[in-house]
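Trainee: I have a structure open and would like to go through some of its contacts. Could you guide me?

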Amino acid sequence: MARWCYRHRLVVLLLWVGALFGVGFAGSAAGTDYANSFSLPNTDSTRAYDLMEKAFPQSSGDTDTVVWKVDDGTVRDESVRSRIEPALEEIGRMEGVGEVSSPYAAQGAAQISENGRIAYAQVTFTEQANSVPKELVEDVVDTAQNAERAGLQVELGGQAITRVQEPPTGIAELVGIVAAAVVLFVAFGSFFSMLLPLVVAIAALGTGLMATSLLSHVTDVPEVAPLLGSLIGLGVGIDYALFIVTRHRKGILRGMKPEEAAVTALNTSGRAVLFAGGTVCIALAGMLVMNMRFLDGVVIATSLTVVLSVLAATTLLPALLGLLGMRVLSRRQRRRLAAAGPESEEASGLAARWSAFVERRPRAVAVTALVAMVILALPVLSLRLGATDQGNHQESTTTRQAYDLLAEGFGPGFNGPLQVVAERGDTDALVTAIRETEGVAQVAAAPPAQGITVIQVVPTTSPQSEQTDQLIDRLREDAIPESGTEAHVGGVTAIFKDFASVTGERLPYFIAAIITLGFLLLLVAFRSLVVPLTAALMNLIAAAASFGVLVAIFQWGWGTELLGVGKEGPITAFLPVIMLSLLFGLSMDYQVFLVSRMHEEWVHTKDNARAVRVGLAETSRVINCAALIMICVFSAFVLSGDMEGAMAGIGLAAAVALDAFILRTALVPAAMHLLGNSNWWLPDWLEKRLPHLAVEPREEAVEVGGATGAVENVPHARVPDDEAHSTVVHGFVRGADGEPVEGAVLTLHSQGGGLRLDRVTSLADGSYIVSVPGPGSYLLSAMAAGHAALARHVTVGDGALVYDVELAEDEVDAVN
């Protein structure tokens, strides 16, 4: 498929452009129909909601609030009324406004605070918040706030009002893309190479978001779903393309033609992308275990963007590579390639030195990394799930000001009243029992409709307070049963409390499900029991530390105002489920990429120390680069203007940073050094029963004795695992002073020297490994700048041969 896309690039590009604009046009024409359905089956708040819907069917639109406060006098003063009443009347005449309830009307006395300094009016639109034209909401805000004067403050709150103070759509995504572009340019040093991952990610993300908006008309998709889809889609889209482009560029630098390099990149890194994308989708689908309708739409939006990201990386990307050809390299790289010829792949000096350091001091590295993660995880012990509201907005917003004014004038519980819904029984006794309950500020019963009575209960504490949760429990467990009336406690505050309770109860099962899934996938991929157990433990550590960071910032308030995300509060109830799914998927990406290289070395050398050292040295740079891009993308969602988006962005950015820079770069390799050969242990009976899952393609066997047997310019040419007699020669290249020699070129020839079988370049620690077709005698040569050349015959038996090489100025010496 990669070759077909490469050769038919114009067709592939036209198909993608047509899909993007076609879905975009359909999405723009149809609009959106997002629905936030937080209710849960078989909960008390859901029963209350169902009864209210039966008695009072939805017949009106969104209701927002205009709040005003005077510094002196009362809101009843003529000087105040003469400014407020005309504004309210003008708002009432606007097209799209159904009704305005004024405190100056006959029934409006309750809308004025006891001290007379704060009052509010309710503005009811004819449509729900998402359908109210933004221009209408802006006119309402401008008309109301034009009534302000010195000593008279006017603010507005409500869902429709929130929409006009949100930053322009796409700001967070744009900032994330720009930051990712900077990282890519530094990593590649090429403008066109930088563009490739961005174009692929944007194409997939744009198509996914428009498709999600269309799906919102046929299924319940919450408002936060597109934001979370953008969050994960942009991150994985760029990273998946990064892995493939990196492999493609290395292929060209090693002497391959662009088309063959693209096919090889898709056949190797492309397979890993398919595996990684599949694990992310499976992890996201794990949210369905929670059995929450609200999460179903999130699964749809996020999984769709991931699937499209994988599809774009495996079809659109090879087409773009075909358009660029050699221009995927920078001009300097093209000139060097033409002048010096192909180069061998080797790890960077810093990565190799760090890998060697971890090998020398695994205990110190492991303890330091583990202590750091434990300290960061400590705040998770005080994690409290709940919901954010307009009281968490930034202090400068009118919605936050309106929220605070209502709390000041009518009590903190006024912003989150409870509804006790009674279907039958003595409602008078119920009202009396509720009024006598600790934590109740006000009680008011509405006239019954169809035999159903709704009693509004205003708590003495705010909606996010633990005391409000305790009040709900007292009403359900004490007040209602004692009154002898069948009733249920509902309202937004009660719904979110039930949502948080159900989430907390089901979260352990969800965690067990995704950890088990990850264990099984890695067990099949790496044929080991210890590697997947280590990965499962690392995922739990990463999750705990990232949630610790989340609690410290958003629940404890350490830097919320500095970050511009508003006031501290509980962690949104559904966020742990979503974050754990995403974190599991992303961690699997890094784990597979890191351990697959280690597993490759282990299969050919059976040397665990070398396998871990080489695997870390050769993959840490790409992992860190990919992580840095994701951190930039996720952190940019602080600018989204949405508290849930900011929480998810900061939480995932912290999780990726800790996972890549501490776990995969330090703790995992250090632990694998300490565990030794037991890393790769698997009982024989289990080995025979496990299916085979190939993340990397099976390589061609080396045929000795013909031209086809030559392995040209391959740093670590390998023979298939199932080849009975394949083996390797490996060891270290050192100078006369014992110091490792980096960059030495070692070549393995047939016994007579006529056929070159493998060529490699030594790493920063002097290590090397060459592939041998089978037992026999061979010629091994070594060359390095500043050292005399070496050529020695080596005899290889059935196993791997350890052969250390010492290079000197005037003489050639070999140890072993």
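Mentor: We shall discuss aromatic pairs, one serine and a pair of helices in this predicted model.

Trainee: How many aromatic pairs does the structure hold?

Mentor: The structure holds eight aromatic pairs. In one of them, Trp68 and Tyr104, the ring centres are 6.1 Å apart and the planes are at 35°, so this pair is tilted.

Trainee: Where do Trp68 and Tyr104 lie?

Mentor: Trp68 belongs to strand S1, while Tyr104 sits in the loop between strands S2 and S3, so the pair ties together parts 36 residues apart in sequence. Trp68 is buried, with a relative accessible area of 0%. Tyr104 is buried too, at 15%.

Trainee: And how are the rings of Trp602 and Trp680 arranged?

Mentor: Their centres are 5.9 Å apart and their planes are at 15°, so the pair is stacked. Trp602 lies in helix H21 and Trp680 in the loop between helices H23 and H24.

Trainee: New topic: is Ser190 buried or exposed?

Mentor: Ser190 is buried, because its relative accessible area is 3%, under the 20% cut-off. Its place is in the loop between helix H7 and helix H8.

Trainee: What does its side chain reach?

Mentor: The side chain of Ser190 reaches the backbone nitrogen of Ser193 at 3.4 Å.

Trainee: Lastly, at what angle do H16 and H17 pack?

Mentor: Helices H16 and H17 pack at about 140°, with their axes 8 Å apart. The residues in this contact comprise seven nonpolar, one polar and no charged.

Note on methods
Residues are numbered from 1 along each chain as its sequence is written. This is a predicted model: local features need pLDDT of at least 70, side-chain atom pairs count only at pLDDT 80 or more; totals for chains, interfaces and linings use all residues. Side-chain values use heavy atoms; hydrogens and water are left out. Axes are lines fitted to C-alpha atoms, for helices over the stretch in contact, and angles run from 0 to 180 degrees between N-to-C directions. Helices (H or I, at least four residues) and strands (E, at least two) are DSSP runs, numbered from the N terminus. Ala, Val, Leu, Ile, Met, Phe, Trp, Tyr, Cys and Pro count as nonpolar, Asp, Glu, Lys and Arg as charged, and the others, Gly among them, as polar. Buried means under 20% relative accessible area, exposed over 50%, partly exposed in between (1.4 Å probe, protein chains only). A polar contact is a pair of N or O atoms within 3.5 Å; within protein, one must be able to donate a hydrogen and the other to accept it, and residues adjacent in sequence count only if both atoms are side-chain atoms. Rings of Phe, Tyr and Trp (its six-membered ring) pair if their centres lie within 6.5 Å; planes under 30 degrees apart count as stacked, over 60 as edge-to-face and the rest as tilted.
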